[in-house]
Amino acid sequence: FSECYGNANSIHSTGLDARKALNAARKKVAAALNCNPEEVYFTSGGSESDNWALKGVAFANRKKGNHIITSAIEHHAILHTCQWLEAQGWQVTYLPVDADGFVTAQQVENALRPDTVLVSVMAANNEIGTLEPVAEIGALCHERGVLFHTDAVQAVGAMPLDVEALHADMLSLSAHKFDGPKGIGALYIRKGVKIDLLIHGGAQERGHRAGTENLPGIVGLGKAIELAEEGLAEN
């Protein structure tokens, strides 16, 4: 707030210092997720990340299909976005869960259709704590050529998450779930994923997410995820 307060998109020295801090935070997130820093995009939080993942893929892949699969116990950031997409003409399958809140890869496979463009299943449920078999679901989606997104807001910082092991094409996270500041999050987008913009304007976040970056929040997110990862390693 006081020492490195420049705009990370400015070319003066204060802006360049801000850019260094921004890049350092991005690398910390990438290290935690086992991805390239260029695949990490900062957002205002988990809800924006979820909205971007679903709406961005849906609109970018309309020519391929208009069917989405999710579970019935997703966070409202997913469920309400799916309901909005239904009102725009998309079709959504809401998979039921068992008494313990689990959805299976077999359920996903049974629900897949030729026009399915996206499967979104959360990594950890925010109310009952169920850890969904996202790696198995992600592997199935990759075998079938369908994009896979996981809302990992409740999981990042509490358990190891490797986007390669999860076969995730997109992953949402939010800093305040691992002791970071509120109002800052990120979306991992695998290189090559076809996704439309959610917020239009400037060329921030490599032209993918407009708006001057929330540098204090981003630096706080980077530090918080670094500390969380250290805690996971120690325990």
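# Briefing: cysteines, nonpolar cores and aromatic pairs

The sulfur of Cys-82 lies 14 Å from that of Cys-141, the closest cysteine sulfur, and this is too far for a bond. The model is a predicted one. A disulfide requires two cysteine sulfur atoms within 2.5 Å, and by this rule the count is 0 disulfides.

**Cysteines**

- A disulfide is a covalent bond between the sulfur atoms of two cysteines.
- Cys-141 takes part in no disulfide, since the nearest cysteine sulfur, that of Cys-82, is 14 Å away.
- Cys-82 is buried, at a relative accessible area of 0%.
- Cys-141 also counts as buried, with 0% relative accessibility.

**Nonpolar cores**

- In soluble globular proteins, nonpolar side chains tend to be buried together.
- The largest nonpolar core comprises 49 residues, and the residues with the most contacts inside it are Val-119, Ile-137, Leu-171, Leu-173 and Phe-178.
- Elements that each supply at least two residues of this core include helix H1 (13-33), strand S1 (40-43), helix H5 (134-144), strand S6 (170-174), strand S7 (185-189) and helix H8 (215-234).
- Helix H1 provides the largest share of this core, 8 residues.
- Apart from this core lies another, of 20 residues, with Cys-82, Leu-85, Val-117 and Ile-195 among them.
- When neighbours within four places in sequence are left aside, Ile-137 is in contact with Val-103, Ala-105, Val-108, Val-119, Val-121 and Phe-148.

**Strand S1 and its pairing with S7**

- Strands S1 and S7 run antiparallel and are joined by 4 bridges.
- Within this pairing, Val-40 stands opposite Tyr-188 in S7.
- Val-40 and Phe-42 point one way from S1, whereas Tyr-41 and Thr-43 point the other way; all are buried.

**Aromatic rings**

- The structure contains 3 aromatic pairs.
- In one of these, the ring centres of Tyr-41 and Trp-52 are 5.8 Å apart and the planes stand at 70°, so the pair is edge-to-face.
- This pair links distant parts of the chain, with Tyr-41 in strand S1 and Trp-52 in helix H2 (residues 46-60), 11 residues apart.
- Tyr-41 is buried at 7% relative accessibility, and Trp-52 is buried with a relative accessible area of 0%.
- Phe-59, Trp-84 and Trp-90 are linked into a cluster by ring pairs.
- Lys-55 lies over the face of Trp-84, at 4.6 Å from the ring centre.

- Pro-133 is located in the loop between strand S4 (116-120) and H5.
- With a relative accessible area of 25%, Pro-133 is partly exposed.
- Between Pro-133 and Leu-85 there are 48 residues of separation in sequence and 25 Å in space, C-alpha to C-alpha.
- Arg-190 is located in the loop between S7 and helix H7 (204-207).
- Arg-190 has 16% relative accessibility and therefore counts as buried, the limit for this class being under 20%.
- Leaving aside neighbours within four places in sequence, Arg-190 is in contact with Glu-39, His-142, Val-163, Glu-164, His-167, Ala-168 and Asp-169.

Notes
Residues numbered from 1 in each chain as written. Predicted model: local features only at pLDDT ≥ 70, side-chain atom pairs only at ≥ 80, totals over all residues. Heavy atoms only, no water. Buried < 20%, exposed > 50% of the residue type's maximum accessible area, 1.4 Å probe, protein only. Core = buried A, V, L, I, M, F, W, Y, C linked by side-chain atoms within 4.5 Å. Contact = heavy atoms within 4.5 Å. Pairing = 2+ DSSP bridges. Phe/Tyr/Trp six-rings, centres within 6.5 Å; stacked < 30°, edge-to-face > 60°. Lys NZ or Arg CZ within 6 Å of the ring centre and 35° of its normal.
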